[in-house]
Structures are given as C-alpha cells and as structure tokens.
Amino acid sequence: MPLPLLWMGSAVIGAVVLADEREKRQQLERDRLLGKAPKYPVAKRAMVAAPSQWQKGLKQVAPIPGSIVCCYVFGVIEHTGIWLGDDCLVELHGSGLVRAVSVKRFLAGRTGSQIYLACNHQHQPLIADSVLPRAEQAIYQYREYDLFDNNCHRFVWYCISGSEGVSKGFNELNQKLAEHFNQAIYWDEMIISKLNE
C-alpha cells in the first residue's frame with residue numbers, strides 16, 4: 001500500500017513544480033512583451049529562456065538565414081544547427097558529415113516536433129556576421145565527431161565565430177553566444193507550419 005502513495009505523492013509534487021515553472025515562463029513572456037525582460041545575461045546566467053516542450057512561449061518567431069536553431073534529442077539533450085532558408089538548415093550529423101537537411105529531416109528520429117531559435121529579449125533571431133558562408137562551405141565535409149568534444153555545438157560555434165574552440169555542451173554554447181552577442185539568450189519556438197505545407 002505505501003508504494004502507490006509514494007507514486008501519488010511524486011505525481012503531485014511533479015505537477016506543482018511544472019505549474020510553478022509554467023507560471024514563471026508566462027511571467028517572463030509578459031515581461032518581454034512589456035520590454036522589462038533582461039537584455040543582458042543575469043548573474044552569469046546566459047540562457048534566460050531555455051527551449052521547452054512543456055512551457056510554451058507566447059510568440060513564435062520566423063527564422064532568418066543564419067539563425068541558430070535547436071531541437072531535442074529524445075527529450076534529454078539538445079541538437080543545434082544553422083538555418084539556411086527555404087526549409088533548409090545545416091547540421092553536423094553524428095556520422096561526422098556536415099549536411100544540409102530539411103526541417104522534417106532535422107527532426108526525424110528526435111523527440112518532439114518543434115525547432116527553437118536563439119533570440120534576444122525582443123524575439124529577434126541572433127545572427128553573426130559570416131555565419132552563412134562558413135555554414136555553406138562546411139556542407140559535405142567530414143569532422144571527427146565526438147559526442148563531448150567535437151559535436152554539433154562546436155560546429156555551430158565554429159560557424160558563428162570562425163574558431164574551433166571546444167564547446168562541450170548546450171549550456172557552454174549558450175554562454176559563448178551570450179558573450180559573442182552581448183545579449184541574454186532566449187530560445188523561442190520557430191514558426192514551421194508554413195514550411196511543411
């Protein structure tokens with residue numbers, strides 16, 4: 001009998017935490033609409049609004065060529081790439097091949113059906129100079145893929161900065177993005193419905 005009570009208690013606690021996180025996200029989105037959201041990283045927290053399948057934002061954003069995109073892989077880790085335009089983006093695949101893929105292919109075999117864009121506090125995609133030429137020139141090249149040291153985040157950072165510095169994880173990439181753009185990072189849902197028609 002105690003085991004079902006533990007499960008019920010865990011479910012209630014989980015629901016309360018989820019509701020609290022949802023309320024925080026909604027308040028942040030209201031602050032963004034009112035122009036009160038942080039423009040710069042707060043207390044060394046580069047990512048103010050993480051991509052979330054559970055706490056949806058109030059606004060979806062259209063991608064611009066050069067936008068930084070991400071999606072979830074099995075709900076656990078994030079996969080990043082660079083938006084090229086016309087339902088096409090560039091990614092470093094786990095095989096080591098840098099390839100141009102469609103939205104459908106980018107999401108194939110991964111969790112969810114949503115792509116997120118790295119934006120500023122005003123829902124504007126963050127785009128670096130020379131990101132498109134670097135991303136386009138890398139297509140069909142092979143990189144020695146390593147999940148921790150030479151992954152999609154490192155490839156995206158290379159496209160943005162031209163530097164081959166190690167970017168081991170999504171949080172480290174966000175820190176580098178915040179420093180590069182001198183902006184707090186907000187991951188907004190990308191408008192994809194029109195692209196898939």
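Visitor: Which residues in H3 meet which residues in H4?

Guide: Val-131, Arg-134, Ala-135 and Ala-138 in H3 meet Phe-155, Tyr-158, Cys-159, Ile-160 and Ser-161 in H4, where contact means heavy atoms within 4.5 Å. This is a predicted model, in which local features need pLDDT of at least 70, side-chain atom pairs count only at pLDDT 80 or more, and totals for chains, interfaces and linings use all residues. Residues are numbered from 1 along each chain as its sequence is written, and side-chain values use heavy atoms, with hydrogens and water left out.

Visitor: Why is H3 called oblique to H4?

Guide: Their axes come within 7 Å and cross at roughly 130°. Angles under 35 degrees count as roughly parallel, over 145 as roughly antiparallel, 65 to 115 as roughly perpendicular and the rest as oblique, so H3 is oblique to H4.

Visitor: What makes E2 and E6 a pair?

Guide: Two strands pair if DSSP finds at least two bridges between them. E2 and E6 have 2 bridges, in the antiparallel sense, and Cys-70 has Tyr-116 as its bridge partner in E6. On E7, Tyr-116 stands opposite Glu-189.

Visitor: How do you know that both faces of E6 are covered?

Guide: Tyr-116 and Ala-118 on one side, and Leu-117 and Cys-119 on the other, are all buried, that is, under 20% relative accessible area with a 1.4 Å probe, protein chains only (exposed is over 50%, partly exposed in between).

Visitor: Which residues have the most contacts inside the largest nonpolar core?

Guide: They are Ile-68, Ile-82, Val-90, Ile-160, Leu-177 and Trp-187, in a core of 30 residues.

Methods
Helices (H or I, at least four residues) and strands (E, at least two) are DSSP runs, numbered from the N terminus. Axes are lines fitted to C-alpha atoms, for helices over the stretch in contact, and angles run from 0 to 180 degrees between N-to-C directions. A nonpolar core is a set of buried Ala, Val, Leu, Ile, Met, Phe, Trp, Tyr and Cys residues joined through side-chain atoms within 4.5 Å.
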